[in-house]
Each structure stands twice: as C-alpha cells, then as structure tokens.
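This briefing concerns the structure shown below.

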Amino acid sequence: MASLLTRSGALTPYMQATSFTIAGPLKALVPGVPVKSERVLLNPKKLFLCRESLNGQSPKTGPAITVSINACSAVRLAHTDVRVPDFSTYRRPEVLDPHKSSQETSESRRVFSYLVTGATAVMGVYAAKTVVTQFVSSMSASADVLALSKIEIKLGEIPEGKNMTFKWRGKPLFVRHRTEREIAMEEAVNLSELRDPQHDKDRVINPSWVIVLGVCTHLGCVPIANAGDFGGYYCPCHGSHYDASGRIRKGPAPLNLEVPYYEFPDEDTVVVG
C-alpha cells in the first residue's frame, strides 16, 4: 500500500488497485479455511484510508487470498452447486457400482477378449499371406514366357556329323550330332592342354550329342559351326577356336561354351531348359 501523508495528517492515496477473485466453472478440490479477517474503515470523503482485507489459507496450497493496495478488496467465493460430469451412460453396467471391484467383472470379459484377439491375429496372418502370395506371383514369369523357357528338338532331323542352330531364350543353341571319330578324338584330349580343363564326358549326357549355347565367351559373338583349327566352332570376330566338345583351344576366349540344362525324354527327343 502506497500513500502520501500530508501536513494536515490526512493520507492521500496515489496508487489504487483492486483485486477480485472470480468464480470459475469447477469446484474447489479442498475448500479454503479463513484464518484471519481484518476491516479498517476510515472516512472516505476525507480521502482517509479505506482498507478491507480477508486472509485465507488452503490446507494444500497455503495463502489463498491477498490484500489489496490502499483500496477496498472484494472477494467472491466459488460456487459449490456446479454439477460434476457424469459418464454413467457410457459405462458398462458391471462397473457402475463403486463398491464392487473391477477384477470380479474382468473374468467374464476375458474369454471375449481372447476370442477377439485370436480372430484378429488369424485374419492378419491370412491377409499377410495373401499379399505376399500376390506379390510373388506378380514377379513370376507369364505363361508366354514360360512357354519359351523350354524347347523340344527332334534329333532324327539332324544327320550325323552335322550341327543345327535353334533359337532358345533369345540365344543361338547349337545341337551337334557327332561321329564316332569325333567322340574318340575329344575323349582322348589331354586336360593339361586345355585353358578351361573339362573332360568330354562331363559336358555331354549322350556322347553322340553335344548341346551348347552358341555365344562366344570372349565378347558374346556367335561362332561358326564345323570350322576352326579343331573342327568344332570358330569365332571370326577375334579368332577363338573351339573343338567338337565346345572347349576353348585357341584364341582370346577364356572359357568353354556354356552347356545348358537338357534331358532326353526318349532316344529321338531332347528338351532343353
């Protein structure tokens, strides 16, 4: 409180302020307990001091009301008739009784919770399995591509000592019908002389038939059949010579001609792929 004392003894106020405690929408958790009250009233017409104070204390928060500065202080207490929200409409009947433990009612709902959880888990696993299956199926080859993945060749159309070229998976496929002389010559080759050592028996299923991809292992050119220094295949691009078993014998090619997977359903048919 700030005031000026004049020569006549009167107090002249220069600062005034008034504090109000306004009621809020909520009830107080702990009601305040007034512990002290003071009221000093002087003649306001002569500008004497007019001070009205009310001190209160809350058991939890300490002082609850302050004193105004050189002015009258008005204090309003909070309303106590505000209704607390009631959510009983939204609660299950089993838990409305505040004197009944919720653990007693949880037993009856446990089976239902387990059932819902199990059903959700099964549906989630089934949905995940379906998504994965559809995704993998979309990445697999289509029917027309699968039809071209294999080729069936009639061996009776290839005379002995000749080579025929077929198109398989976009690459040339060499099918050679070897003579007895060629078979004996290739089986007698010393493996130590080969750049890519591989025995003739490891490259053929039936000694009479040699099936290799017609792609040079140097730079992917297409060799010429029944040509070269060894009577097998010859790549004119860079001078690679292969024998009648498709093994590199001379030139820059580092590896033998590739042997694809094939099988003989019968003596006159071969299926490659």
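A contact here means heavy atoms within 4.5 Å. Among contacts in the protein chain between residues at least 6 apart in sequence, 49% join residues at least 24 apart. This is a predicted model, in which local features need pLDDT of at least 70 and side-chain atom pairs count only at pLDDT 80 or more, while totals for chains, interfaces and linings use all residues. Residues are numbered from 1 along each chain as its sequence is written, and side-chain values use heavy atoms, with hydrogens and water left out.

**Chain-level totals**

- The protein chain contains three helices and 17 strands, where helices (H or I, at least four residues) and strands (E, at least two) are DSSP runs numbered from the N terminus.
- Of the 273 residues in the protein chain, 25% are buried; buried means under 20% relative accessible area, exposed over 50%, and partly exposed in between (1.4 Å probe, protein chains only).

**Cysteines**

- With a disulfide taken as a pair of cysteine sulfur atoms within 2.5 Å, the count is zero.
- Cys235 is in no disulfide, and its nearest cysteine sulfur, that of Cys216, lies 3.9 Å away.
- Cys235 has 0% relative accessibility and therefore counts as buried.
- Cys237 is likewise in no disulfide, the nearest cysteine sulfur being that of Cys221 at 3.2 Å.
- Cys237 has a relative accessible area of 46%, so this residue is partly exposed.

**Strand β17 and its partners**

- In strand β17 (residues 269–272), Thr269 and Val271 point one way and Val270 and Val272 the other way, and all are buried.
- Two strands pair if DSSP finds at least two bridges between them; strand β8 (residues 151–154) runs antiparallel to β17 and is joined to it by four bridges.
- Within β17, Val271 stands opposite Glu152.
- Three bridges pair strand β16 (residues 262–266) with β17 in the antiparallel sense, and Tyr262 stands opposite Val272 in β17.

**The β9-β10-β11 sheet**

- An open sheet of three strands has the order β9-β10-β11, with antiparallel pairing.
- Its edge strands, β9 (163–168) and β11 (209–213), each pair on one side only.
- Six antiparallel bridges link β9 to strand β10 (residues 171–177), and Met164 stands opposite Val175 in β10.
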